[in-house]
Amino acid sequence: SSYGRLSMLPRVDPLLPQPSLKRRIIKNLFTNYLTTFLGLALGFMLVPFLIRKLGNDAYGLIVLAESTIAFFEMASVSVRMALSRYATVALARKDEEEFVGYLATVRYILLGSALAVLIIGATLSHFFNQIFTVPAAYAEQSRTLFLLISLAFASVIPNMVYWSVLY
């Protein structure tokens, strides 16, 4: 197959000592909680700084941009979750054809999602100032920002198929 052989996947060396499942779970929980805590702490420190430096109006555009990214994320998250489940089952059964089929199908679905994000983003960007109340000083920058966010996210969505398999 042009996608490589399943036999080329990394294998766990049975001769090396493996950490216990309990230890791995505790380590992963601690790491996840630490990451979440650091993200929250960073947010609490950055928000006042950004408001002071940028002002309320410009900071509001950042919040709007972050909300847009979160909204666009919905275009792909369920597809990625389904792929990670079904692709893992296909790999466990060593069914390379089914695995490659899942990758190809989801790749096309994500390409369609990317196209939808691009069309919706470009349309909303064009009518941005009519949809949102934006100060005149930031009108053109906000339209450009929204268009660039849409383009960036649309270019990333098709490659999320590979992220799903890694999870």
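Trainee: How do the axes of H3 and H4 cross, and within what distance do they come?

Mentor: In this predicted model, the axes of helix H3 (residues 77–92) and helix H4 (residues 96–126) come within 9 Å. They cross at roughly 170°.

Trainee: Parallel or antiparallel, then?

Mentor: Roughly antiparallel. Angles over 145 degrees count that way, so H3 and H4 qualify.

Trainee: Which residues meet there?

Mentor: From H3, Val79, Leu83, Tyr86, Ala87, Ala90 and Leu91 take part. From H4, their partners are Glu98, Phe99, Tyr102, Leu103, Val106, Ile109 and Leu110.

Trainee: And by class, how many are nonpolar, polar and charged?

Mentor: The contact of H3 with H4 has 12 nonpolar residues, no polar ones and 1 charged.

Trainee: What sits in the loop between H3 and H4?

Mentor: Lys94 has its place in that loop. Its phi is near 60°. That is a positive value in a residue other than glycine.

Trainee: Why point that out?

Mentor: Because most residues other than glycine have a negative phi.

Trainee: Is Lys94 buried or exposed?

Mentor: Exposed. Lys94 has 60% relative accessibility, and the cut-off for exposed is over 50%.

Trainee: Back to H4. What does H6 do with it, in terms of angle and distance?

Mentor: H4 and helix H6 (residues 139–156) pack at an angle of about 175°. Their axes are 9 Å apart. H4 and H6 are therefore roughly antiparallel to each other.

Trainee: Which side chains or residues are in that contact?

Mentor: On the H4 side, Ala114, Val117, Leu118, Gly121, Ala122, Leu124, Ser125 and His126. On the H6 side, Arg143, Phe146, Leu147, Ser150, Leu151 and Ala154.

Trainee: How does that split by class?

Mentor: The contact of H4 with H6 has 9 nonpolar, 4 polar and 1 charged residues.

Trainee: Buried or exposed?

Mentor: Buried. The relative accessible area of Ser113 is 12%, and buried means under 20%.

Trainee: What does Ser113 touch?

Mentor: Ala75 and Ile157, leaving out residues up to four places away in sequence.

Trainee: New topic. How do H1 and H2 cross?

Mentor: Helix H1 (residues 21–54) and helix H2 (residues 56–73) have axes that come within 7 Å. They cross at roughly 130°. That makes H1 oblique to H2.

Trainee: Left-handed or right-handed?

Mentor: The crossing of H1 and H2 is right-handed.

Trainee: Which residues meet?

Mentor: Val47, Leu50, Ile51 and Leu54 in H1 meet a set in H2. That set is Asn56, Ala58, Tyr59 and Ile62. By class, the contact has 7 nonpolar residues, 1 polar and no charged.

Trainee: Zoom out. How many helices and strands are there?

Mentor: The protein chain has 7 helices and 0 strands. From the N terminus, the order is α-α-α-α-α-α-α.

Trainee: What share of the residues is buried?

Mentor: 23% of the 167 residues count as buried.

Trainee: And what about contacts between residues 24 or more positions apart?

Mentor: Take the contacts with a separation of 6 or more. Residues 24 or more positions apart account for 70% of them.

Trainee: Last one. Where is confidence lowest, and where is it highest?

Mentor: Lowest in helix H7 (residues 160–166), with a mean pLDDT of 74. Highest in H4, at 89. The protein chain averages 82, and 87% of the residues score at least 70.

Terms used:
Residues numbered from 1 in each chain as written. Predicted model: local features only at pLDDT ≥ 70, side-chain atom pairs only at ≥ 80, totals over all residues. Heavy atoms only, no water. Axes fitted to C-alpha atoms, helices over the stretch in contact; angles between N-to-C directions. Helix = DSSP H or I, 4+ residues; strand = E, 2+ residues; numbered from the N terminus. Parallel < 35°, antiparallel > 145°, perpendicular 65-115°, else oblique. Left-handed = near helix turned anticlockwise from the far one by under 90°. Contact = heavy atoms within 4.5 Å. Nonpolar A, V, L, I, M, F, W, Y, C, P; charged D, E, K, R; others polar. Buried < 20%, exposed > 50% of the residue type's maximum accessible area, 1.4 Å probe, protein only. pLDDT = per-residue confidence, 0-100.
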